[in-house]
Amino acid sequence: MGNTKKTSIEDDLQKLDELVKKMDKKDISLEESFSVYEEGMKILKGANEKLDEVEKKVKVLQEDGSLTDFDEE
């Protein structure tokens, strides 16, 4: 892809949906299938990294009013 523009997770999911639709077509060549698959895997990896970043930032409000990191529950 080589795209340096940062996309949102929603944008990534929309693009993945479009790629799945391409893969579902009966007339797609094997070569094109591999290309679409590779592009999808790159998008998926980026989306997973974004989700990891978000998860690290999420705070959980405890009953006593204190904030803790999401993964410390």
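Ser33, written S33 here, lies in helix α2, where helices (H or I, at least four residues) and strands (E, at least two) are DSSP runs numbered from the N terminus. At 15% relative accessibility, S33 counts as buried, a word that stands for under 20% relative accessible area, while exposed stands for over 50% and partly exposed for what lies in between (1.4 Å probe, protein chains only). Leaving aside neighbours within four places in sequence, S33 is in contact with M23 and I28, contact being defined as heavy atoms within 4.5 Å.

The model is a predicted one, in which local features need pLDDT of at least 70 and side-chain atom pairs count only at pLDDT 80 or more, whereas totals for chains, interfaces and linings use all residues. Residues are numbered from 1 along each chain as its sequence is written, and side-chain values use heavy atoms, with hydrogens and water left out.

Of its 73 residues, 16% count as buried. The protein chain exposes about 6,300 Å², of which carbon and sulfur atoms supply 53%; accessible areas come from the Shrake-Rupley method with a 1.4 Å probe, and for residues only the protein chains shown count as cover. Among the contacts in the protein chain with a separation of 6 or more, 44% are accounted for by residues 24 or more positions apart.

Helix α2, to which S33 belongs, can be followed from end to end. Its 28 residues should span 40 Å at 1.5 Å a residue, and its end C-alpha atoms are 41 Å apart, which agrees; the expected span is taken as 1.5 Å times one less than the number of residues. The buried residues in α2 are S33, V36, G40, I43, A47 and K50, and the buried residues of this helix pack against α1. D11 has its place in helix α1 and is partly exposed, with a relative accessible area of 44%.

V36 itself, leaving aside its neighbours within four places in sequence, is in contact with L19, K22, M23 and I28.

Charged side chains form another set of links. The structure holds four salt bridges, each being a side-chain nitrogen of Lys or Arg within 4 Å of a carboxyl oxygen of Asp or Glu. In one of them K50 pairs with D12, with the closest N and O atoms 2.6 Å apart, and this pair links distant parts of the chain, K50 in helix α2 and D12 in helix α1, 38 residues apart. Both partners are buried, K50 with a relative accessible area of 16% and D12 with one of 7%.

Other salt bridges lie within a helix. The side chains of K21 and D17 meet at 3.4 Å, N to O, and both residues lie in helix α1, four residues apart, about one turn of the helix. K21 counts as exposed at 52% relative accessibility, whereas D17 counts as partly exposed at 35%. In helix α2, E49 forms a salt bridge with K45, the closest N and O atoms being 3.6 Å apart; being four residues apart in that helix, the two are separated by about one helical turn. E49 is partly exposed, with a relative accessible area of 41%, and K45 counts as exposed at 55%.

The surface also carries nonpolar side chains. M23, Y37, M41 and L44 form a nonpolar patch there, with about 370 Å² of accessible area together. Patches are made of residues with over 30% relative accessible area and no salt bridge, like charges being joined within 9 Å and nonpolar side chains (Val, Leu, Ile, Met, Phe, Trp, Tyr) within 5 Å. Helix α2 (residues 30-57) gives the most to the nonpolar patch, with three residues. M41, which lies in helix α2, is partly exposed, with a relative accessible area of 40%.
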